[in-house]
Amino acid sequence: MNIYVQMASFNLIETEQLVLRPFSMSDDKDMFAYASQADNLVYVFPAHKDIAETRLAIALLFMKAPLGKWAIENKADQKMIGTLTFVKIDEKQRTAEIGYVLNQAYWGKGLMTEAVRTLTDISLTAFDLNYVDIVVDSENLGSIKVAEKAGFWIADSYKALSPYTKVLRNFRRYRKGKHE
């Protein structure tokens, strides 16, 4: 079955502590709470200057083409606390790359590991992907821990320009496949 048809069937995913769901404009304040904090975004994107920038990001990056993009909602307080997205999908090779951001106030609680593990399991079974990658800056210890705790292994390391800062950085590609 087509991966996009499968993703449409999983636009709402519930875990023990989280709901992975489509984005809404009502997420703007929750997203701005972390998207405006530079220390929360060191390895991902420049901090948003105002809520209008956050609303534009929600509309263009998440709502315009919503498949493979989930808002992470914490069940305990019903706040949107981050994003989980397919950064790249290769339909022919049946592979994908996952990217994620989490509000710093929720770091260290295992929430992102739970989200990544769940999406990866669904990707390898229901979406029938051969493997899923996570690419992290080699200094991003939090994301490295998430990848490792979610069962990913280092597939390779390389130097590349950061897509956000355009500075040459060291990256690690973590991978998890169907039979691992």
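I began with pLDDT, which is the predictor's confidence in each residue on a scale from 0 to 100. The mean over this protein is 92, and 94% of its residues reach 70 or more.

I noted that this is a predicted model, in which local features need pLDDT of at least 70 and side-chain atom pairs count only at pLDDT 80 or more, while totals for chains, interfaces and linings use all residues. Residues are numbered from 1 along each chain as its sequence is written, and side-chain values use heavy atoms, with hydrogens and water left out.

I took helices (H or I, at least four residues) and strands (E, at least two) as DSSP runs numbered from the N terminus.

Next I looked up helix 2 (residues 28-35), whose buried residues are D28, D30, M31, Y34 and A35; buried means under 20% relative accessible area, exposed over 50%, and partly exposed in between, with a 1.4 Å probe and protein chains only. They lie on the same side of helix 2 because they cover an arc of only 165° around the axis, the arc being that of the directions from the helix axis to the C-beta atoms. I then checked their partners, and these buried residues pack against helix 3 (51-63), strand 4 (79-90) and strand 5 (95-102), where contact means heavy atoms within 4.5 Å.

I turned to the nonpolar cores, each a set of buried Ala, Val, Leu, Ile, Met, Phe, Trp, Tyr and Cys residues joined through side-chain atoms within 4.5 Å. The largest has 33 residues, and L84, Y100, V116 and I134 have the most contacts inside it. Its largest share, seven residues, comes from helix 4. Leaving aside residues up to four places away in sequence, I listed L84, Y100, I134, V146, A150 and F152 as touched by V116. A second, separate core of nine residues includes F23, M31, A71 and V101.

For the pairing of strand 7 (residues 153-161) with strand 8 (residues 168-177), I recorded eight bridges and an antiparallel run; two strands pair if DSSP finds at least two bridges between them. I154 stands opposite Y174 in strand 8, and K166, in this hairpin with six residues between the strands, takes a positive phi near 60°.

Lastly I looked up two loop residues. Q78, in the loop between strand 3 and strand 4, has a positive phi of about 55° although it is not a glycine, and Q78 is exposed, with a relative accessible area of 61%. R94, in the loop between strand 4 and strand 5, is not a glycine either, yet has a positive phi of about 60°.
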